[in-house]
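Please read the points below with the sequence and the model open beside them.

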Amino acid sequence: MNEVIKAMIERRSFRKFKPDMLPKEIIDEVINAGLYAASGMGKQNPIIISVTNKEFIAKLAKINAKIAGWEEGFDPFYGAPVVLIVLADKNWFTGVYDGSLVIGNMMLAADTLGIGSCWIHRAKEEFEMPEYKDLLKSLGIEGEWEGIGHCILGYPDMQKPEPPVRKENRVYYIN
């Protein structure tokens, strides 16, 4: 079987991580895979914010859990030491799709490097909040951006989940 297709089939999401930080080279390799994702008209619209600051991750997790309606103290990032936030230009018509491809590429790259990952939602709601718009400005990021998602990374602290059985009746042919 082709190794790329094999990686796609075997990749799984992890929801429990060791606290050990990943080497910067590994984080950058995963980010680079995201930067090579396909994008509408080749615009390369999405941006990635790499967060390894524990205090900032804790603050982000608290707001993310609140948006989701979970009880206080729940960690929607499952202890992952790295959060890669993907945003796309709000005014670009394929931004959401382009950003989704970025996250997909990063998750595949992480898996092939032996790193656990998981897509976490609610970045859209976070980056509609004034404090996160201000964060973007403080980073020198101009324009209007939509949060697409978070790709959390870390060393898994659990067994790789088994793939669920694929549902039937999901492919139709017109010959």
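1. The model is predicted, and the local features discussed here are limited to residues with pLDDT of at least 70.

2. Aromatic pairs. The count comes to 5 aromatic pairs. In the pair formed by Phe74 and Tyr78, the ring centres are 6.0 Å apart and the planes stand at 90°, so this pair is edge-to-face. The cut-off behind that label is an angle over 60 degrees, with centres within 6.5 Å.

3. Aromatic cluster and a charge over a ring. Phe56, Phe127 and Tyr132 are linked into a cluster by ring pairs. Elsewhere in the list of ring features, Lys43 has its charged end over the ring of Trp92, at 5.0 Å from the ring centre.

4. Helix packing. How do α1 and α4 pack? Helix α1 covers residues 3-10 and helix α4 covers residues 95-112; they pack at an angle of about 100°, and their axes are 10 Å apart. The two helices are therefore roughly perpendicular to each other, since angles of 65 to 115 degrees fall in that class. On the α1 side the contact is made by Ala7, Met8 and Glu10, and on the α4 side by Leu108, Asp111 and Thr112. By class, the contact of α1 with α4 has 3 nonpolar, 1 polar and 2 charged residues.

5. Leu101. This residue is also found in helix α4. Is Leu101 buried, exposed or partly exposed? Leu101 is partly exposed, with a relative accessible area of 43%. Leaving out residues up to four places away in sequence, Leu101 touches Ala37 and Ala38. From Leu101 to Pro161 the separation is 60 residues in sequence and 22 Å in space, C-alpha to C-alpha.

6. Ala80. The loop between α3 (54-68) and β2 (82-89) holds Ala80. Is Ala80 buried or exposed? With 6% relative accessibility, Ala80 counts as buried, because the limit for that class is under 20%. Which residues does Ala80 touch, not counting those up to four places away in sequence? They are Phe17, Ile57, Ile152 and Leu153. Ala80 and Ser50 are 30 residues apart in sequence, and their C-alpha atoms are 13 Å apart in space.

7. Met41. The loop between α2 (24-35) and β1 (47-51) contains Met41. Met41 has a positive phi of about 60° although it is not a glycine. At 71% relative accessibility, Met41 counts as exposed.

Definitions and conventions: Residues are numbered from 1 along each chain as its sequence is written. This is a predicted model: local features need pLDDT of at least 70, side-chain atom pairs count only at pLDDT 80 or more; totals for chains, interfaces and linings use all residues. Side-chain values use heavy atoms; hydrogens and water are left out. Rings of Phe, Tyr and Trp (its six-membered ring) pair if their centres lie within 6.5 Å; planes under 30 degrees apart count as stacked, over 60 as edge-to-face and the rest as tilted. A charge sits over a ring if NZ of Lys or CZ of Arg is within 6 Å of the ring centre and within 35 degrees of the ring normal. Axes are lines fitted to C-alpha atoms, for helices over the stretch in contact, and angles run from 0 to 180 degrees between N-to-C directions. Helices (H or I, at least four residues) and strands (E, at least two) are DSSP runs, numbered from the N terminus. Angles under 35 degrees count as roughly parallel, over 145 as roughly antiparallel, 65 to 115 as roughly perpendicular and the rest as oblique. Contact means heavy atoms within 4.5 Å. Ala, Val, Leu, Ile, Met, Phe, Trp, Tyr, Cys and Pro count as nonpolar, Asp, Glu, Lys and Arg as charged, and the others, Gly among them, as polar. Buried means under 20% relative accessible area, exposed over 50%, partly exposed in between (1.4 Å probe, protein chains only).
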